[in-house]
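The following questions and answers set computed values against the definitions behind them. Please consult the sequence and the structure shown here while reading.

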Amino acid sequence: MTIEALGLEKRFGSFAALRGVDLKVEPGELLALLGPSGSGKTTLLRSIAGLETVDRGQILYEGIDADTISLRDRRVGFVFQHYALFRHMTIADNIAFGLKVRPRRERPPRAEINARVEQLLELVQLGGLGGRFPAQLSGGQRQRVALARALAIEPRVLLLDEPFGALDARVRKELRRWLRRLHEEIHVTTIFVTHDQDEAFELADRVVVMNDGKIEQIGSPAEIYDQPATEFVYEFLGGANRLPCHVEGGVALIAGTRLTTDLPRDFTGDAVAFVRPHEIGVARPNGHIDDVAQVRSILPIGPDARLDLEHVSGHIEALVPRESLDAAGIGVGSRCAVRIARARVFPTS
Ligand SMILES: Nc1ncnc2c1ncn2[C@@H]1O[C@H](COP(=O)(O)OP(=O)(O)OP(=O)(O)O)[C@@H](O)[C@H]1O
């Protein structure tokens, strides 16, 4: 199902939680909403589910105004961080719940419900455990039950709010891969909230990066990583050097390297350059002073080495092949020339 959000705005008192959000989710897509705490991810998800009313804007399900569709007819499957299973019910009854509470004329016959529950237990790899109670399962298993329960109603859209947030790192990782495989099997349009970029990048077809109630960038994981659209996205992804620089006619001088930027050719002014450690090389100094840095420390990481460099423009972290250090005779305390291969430059506002 296609879902569209058009110009969504939502305030809680004087606080603006959504400040003009436009988004189109394609049928069968797995979309991650990624952003720091408080950026509006949950509010957006809840608004799409119809659990929150927006102050302005519109949500369309398959082109139809969602306000005109009852909550039940929206057929939204929702999974929260805390599994919220019914503790006094067996796993099978938990999964069947959404079907059993349907009005009599819409309720499938008992045998059909049982068959569907068995099918779902197999799907979430918990075959044979239907008779257990939630307390007899691990956290990861309970979250899979929550997902099976959400899938029981044959949702048109699945909304997941940090579904693995309460689990330890190893289980999270396993469930992430499992969810990706499950999605490939059932292909239901899915929106997934997370503040963990590894989770978003590994799972999603497209990632929506949110900040302060707005969307900063929408793209495939590779697009977001390779071409962060804003300073915020770069900072949020982490790991990049942030170097002040000066741009003259669209060309930046970054730690002694001249690089053509994406800025307009007539742009001149101060800017900030984001450079990832592996986009930096080092060489023997060759008489220039602009590019010279001192090596503070060297940390071997497999065939590479992480260098801490002290340059006049600031502290720089580089990741270079160890053999290039040996070849240039560079060690701790020595001086070297910094070479910037690639950078993304934003004007200082
Ligand atoms: N019912 C509410 N009443 C008042 N403020 C709220 C309410 N719900 C959310 N907010 C505020 O709106 C902002 C956005 O919240 P939201 O839960 O959407 O963020 P989030 O990106 O999902 O964050 P987190 O990762 O911490 O869940 C937050 O500052 C939050 O305090």
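**Values and definitions**

Q: Why is Arg-75 called partly exposed?
A: Arg-75 has 16 C-beta neighbours inside 10 Å. A residue is buried if 20 or more other C-beta atoms lie within 10 Å of its own, exposed if 12 or fewer, and partly exposed in between, with C-beta atoms placed from the backbone. Arg-75 therefore counts as partly exposed.

The model is predicted: local features need pLDDT of at least 70, side-chain atom pairs count only at pLDDT 80 or more, and totals for chains, interfaces and linings use all residues. Residues are numbered from 1 along each chain as its sequence is written.

Q: Where is Arg-75 placed, and what is its phi?
A: Arg-75 lies in the loop between α2 (71-74) and β6 (76-79). Helices (H or I, at least four residues) and strands (E, at least two) are DSSP runs, numbered from the N terminus. The phi of Arg-75 is near 50 degrees, a positive value in a residue other than glycine.

Q: What makes Glu-162 partly exposed?
A: Glu-162 has 19 C-beta neighbours inside 10 Å, and therefore counts as partly exposed. Glu-162 belongs to the loop between β7 (157-161) and α6 (169-186). Its phi is positive, about 40 degrees, although Glu-162 is not a glycine.

Q: Which residues of helix α3 are buried?
A: In α3 (residues 91-100), the residues Ile-91, Ala-92, Asn-94, Ile-95 and Ala-96 are buried. The buried residues of α3 pack against α4 (110-123) and α5 (139-152). Contact requires C-beta atoms, placed from the backbone, within 7 Å.

Q: How does the radius of gyration of the protein compare with that of a compact globule?
A: The protein has 26 Å, whereas a compact globule of 349 residues would have a value near 20 Å. The radius is taken over C-alpha atoms, and the globule rule is 2.2 Å times the number of residues to the power 0.38. Along its principal axes, the C-alpha trace spans about 85 × 45 × 35 Å.

Q: How do the residues of the shell around the ligand divide into nonpolar, polar and charged?
A: The shell holds 3 nonpolar, 8 polar and 1 charged. Ala, Val, Leu, Ile, Met, Phe, Trp, Tyr, Cys and Pro count as nonpolar, Asp, Glu, Lys and Arg as charged, and the others, Gly among them, as polar. The largest share of the shell, 3 residues, comes from α1.

Definitions and conventions
Contact = placed C-beta atoms within 7 Å.
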